[in-house]
Structures are given as C-alpha cells and as structure tokens.
Amino acid sequence: MPSSFFRASPSRAKRLELVSLEEPLRESFEEDVLRGLTAAQKRLPCHWFYDEAGSQLFERICELPEYYLTRCERSILEQRAGEIACLFEDPTTLVELGSGSASKTRLLIEAFLERHGRLVFAPIDISRTMLEESASELLDDYPRLEIRAFAGRYESGLARLAAGRVSPKLTLWLGSSVGNLDRRQAAVFLRKLRAGMSAADRLLIGVDLRKDRLTLEAAYDDAEGVTARFDLNLLARINRELGADFDLEAFAHRATWRPDSGRVESRLVSLREQTVRIEALDLEVGFAAREAIHTENSYKYSHHEIEWLARAAGMLRERHWLDADGLYSLNLFAPA
Ligand code: AVI
C-alpha cells in the first residue's frame with residue numbers, strides 16, 4: 001500500500017483548488033533563438049534556462065557556498081517569519097509569485113498558522129506539475145492550510161485574485177527574481193501588481209544588494225562549475241530541441257559585475273572561430289573567436305534604489321530586514 005494512503009487526510013480534496021488560467025504559453029523558443037543569434041550582439045533570453053535539466057541545475061546553484069542569496073533569504077525568514085506574520089490580521093491570504101517547490105515559504109506558512117490557526121495559500125506558477133507536487137506535500141504537512149493555486153502567468157493569477165477582491169493579502173516575490181528584469185521593467189511589473197492591491201495588502205520582495213566584485217562574480221561563476229553548466233545548458237537545449245550542433249567544449253561561461261548599471265552580466269564566450277548549424281531553423285550561425293552570447297542580467301540594488309523602485313511602482317518601503325552579513329534584503333512594500 002502506498003505510504004501516501006496513511007498520510008491522506010479526509011478533507012484534503014476540499015482544501016485544494018487548482019485553476020489553470022491559460023494554455024501553457026507557446027512562446028516560441030525557435031523565434032527567440034533565431035532573433036537572438038542573428039542579432040549584431042548575440043543574446044538568448046534567460047527564461048529559457050528552466051527546462052527540466054536547467055531547473056535541476058538551478059536547485060544545485062541554490063545550495064552552493066558561493067550563491068549566498070538563497071541562504072541569506074532563508075536565514076532572514078527563519079528569524080523574522082513570526083514578526084512578519086504578526087503584522088497581519090486573520091484571515092490573510094498568502095500569495096506567492098513563482099512559488100516553485102515553496103520550500104522557503106514553509107517558514108511563513110508555519111508562522112501564519114501558529115499566529116492565526118489557519119491560512120489560505122495562493123501560489124501562482126507557470127508549472128502545473130510543480131504546483132500539484134508542492135500542494136500535495138503542503139496539504140499533508142499542514143491540516144489547517146487551504147490552497148488556491150493558479151497555474152499560469154503572474155499577471156493572469158494576480159488579475160484573478162484582484163477580481164475576487166481577496167484582501168488582506170501578503171504577496172511574496174522571493175529569490176531576487178526581480179533582479180532578472182531591468183529596473184524599468186521591474187517598476188512596470190510592480191505597478192501592475194500595485195493596481196490589484198488594497199490599502200491593507202503588502203508585498204514582501206527579496207532583493208539582492210550591491211556589493212564587492214569578488215563576492216558577486218563568484219556567486220555567478222562558482223568553483224565547481226555548476227553555474228557554467230546551467231548557462232551552457234541553454235546551448236545543450238538548442239541542440240536537443242532544435243537539432244543544433246553546438247560543441248559545449250567550445251564555449252565558456254563568464255560572469256562580469258558592472259557597477260555602473262549595477263548588474264552581473266552572464267555570457268557564453270566562443271573559444272574559437274566556429275560555425276554552428278541549427279537544423280530546425282535551417283540556419284548556420286558564425287562565431288568569431290571570443291564573440292559572446294549575452295544570456296542573463298542579475299540586477300543588484302542599493303537601499304536608495306530599492307526605495308526608488310517602491311516609489312516608481314506607487315508603493316513605499318515600509319519595513320526591511322537584512323541577513324547577519326548585510327548581503328541580502330527582504331522588503332515589505334505598502335501601497336503609497
Ligand atoms: C532566478 N534568478 C534570480 C537567479 C539570479 O540570481 O539571477 C538565476 C541565476 N543565474 C545564475 N545563478 C542564478
């Protein structure tokens with residue numbers, strides 16, 4: 001008999017609602033690869049990192065000694081989850097953007113359950129499978145938890161919650177995911193999120209801070225080479241899905257901190273002059289020696305820049321918390 005038989009609670013089905021908001025996006029990988037690799041400065045969008053192999057490599061990145069972001073965010077939540085839960089009335093809905101496995105979120109879920117005795121958790125994630133798996137584990141572990149999950153894009157999930165007038169709600173956007181948008185895109189996205197907030201609603205956003213070059217470049221180019229494999233997986237993915245013949249040995253991962261723009265830029269650099277054939281696009285792409293494909297930007301913020309971001313989105317930074325070494329911040333934004 002499966003072990004889940006013993007763990008299943010009779011009211012479990014009633015505690016879960018999982019809504020698919022749209023057909024999984026058929027954004028075109030082909031189009032992005034064609035556009036990006038035929039541009040004067042070659043580039044590939046970083047959201048294509050996350051196929052199955054890429055997502056597994058990202059999980060490993062989060063455990064690396066050099067990638068302090070996850071560790072710092074977890075330590076802040078370990079220390080502050082109780083204090084954060086105390087800022088909210090019962091019943092508050094906990095919304096999470098890009099919840100994934102929701103592992104750090106458990107700290108907040110437990111704190112809210114301890115304070116209020118019950119909680120509605122509303123994760124929004126593009127992956128229905130990921131939502132099903134994490135919901136199943138959370139419902140088993142927390143009998144007083146209800147889950148209303150949305151499989152789809154952030155905007156669609158937030159629109160659904162706004163239409164349902166769910167309030168008060170605390171929306172979580174963790175992991176410094178905001179850092180993969182440029183500063184203007186970040187403000188535009190947060191302004192949309194703000195439009196669905198009532199006066200009692202808050203946003204808890206994880207933002208990585210500007211710091212010295214050594215720490216930043218090591219975080220994005222670790223000694224074990226996991227981040228390099230994560231970056232190179234983009235080329236492996238083009239090989240797998242579009243029948244290309246990228247030689248992964250002929251490209252190297254580079255991470256460079258640019259203090260002027262406040263971002264770490266990730267690139268794949270061609271180690272020699274070479275031509276790559278991409279069968280599905282009937283395309284040959286020429287690379288000069290040392291020519292690069294720009295694959296990712298990871299923006300870092302000063303405290304001033306975080307306050308600017310809040311204001312640009314029609315909010316204000318009400319509270320913030322740092323880890324013991326002051327490397328990373330969790331910020332509570334309130335409607336202005
Ligand atoms: C998901 N995102 C916030 C990560 C970051 O820090 O930019 C992705 C990542 N890229 C390399 N390492 C981690």
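Author: Helices (H or I, at least four residues) and strands (E, at least two) are DSSP runs, and they are numbered from the N terminus. This is a predicted model, in which local features need pLDDT of at least 70 and side-chain atom pairs count only at pLDDT 80 or more, while totals for chains, interfaces and linings use all residues. Residues are numbered from 1 along each chain as its sequence is written, and side-chain values use heavy atoms, with hydrogens and water left out.

Reader: What is phi of Asp282 near?

Author: Phi of Asp282 is near 50 degrees, which is a positive value in a residue other than glycine, and Asp282 lies in the loop that runs between strand S9 (274–278) and strand S10 (283–287).

Reader: At what angle do helix H4 and helix H5 pack?

Author: Two packed helices are described by the angle between their axes and the distance between the axes. Axes are lines fitted to C-alpha atoms, for helices over the stretch in contact, and angles run from 0 to 180 degrees between N-to-C directions. Helix H4 (residues 68–85) packs with helix H5 (residues 105–116) at about 20 degrees, with the axes 8 Å apart. H4 is therefore roughly parallel to H5, since angles under 35 degrees count as roughly parallel, over 145 as roughly antiparallel, 65 to 115 as roughly perpendicular and the rest as oblique.

Reader: At roughly how many degrees do the axes of H2 and H10 cross?

Author: The axes of helix H2 (residues 29–37) and H10 cross at roughly 125 degrees and come within 12 Å, so H2 is oblique to H10.

Reader: Which residues come nearest to the ligand?

Author: A residue is near a molecule if one of its heavy atoms lies within 4 Å of it. There are 13 residues around the ligand, and Tyr67, Asn180, Tyr220, Glu296 and Ser298 come nearest. Helix H3 (52–61), helix H10 (226–242) and strand S11 (292–299) each supply at least two residues of this shell. The side chain of Tyr67 has an N or O atom 2.5 Å from an oxygen atom of the ligand, and a polar side-chain atom of Tyr220 lies 2.5 Å from a ligand oxygen atom. In the side chain of Glu296, an N or O atom is 2.7 Å from a nitrogen atom of the ligand.

Key
Polar contact = N/O pair within 3.5 Å; in protein donor to acceptor, adjacent residues only side chain to side chain.
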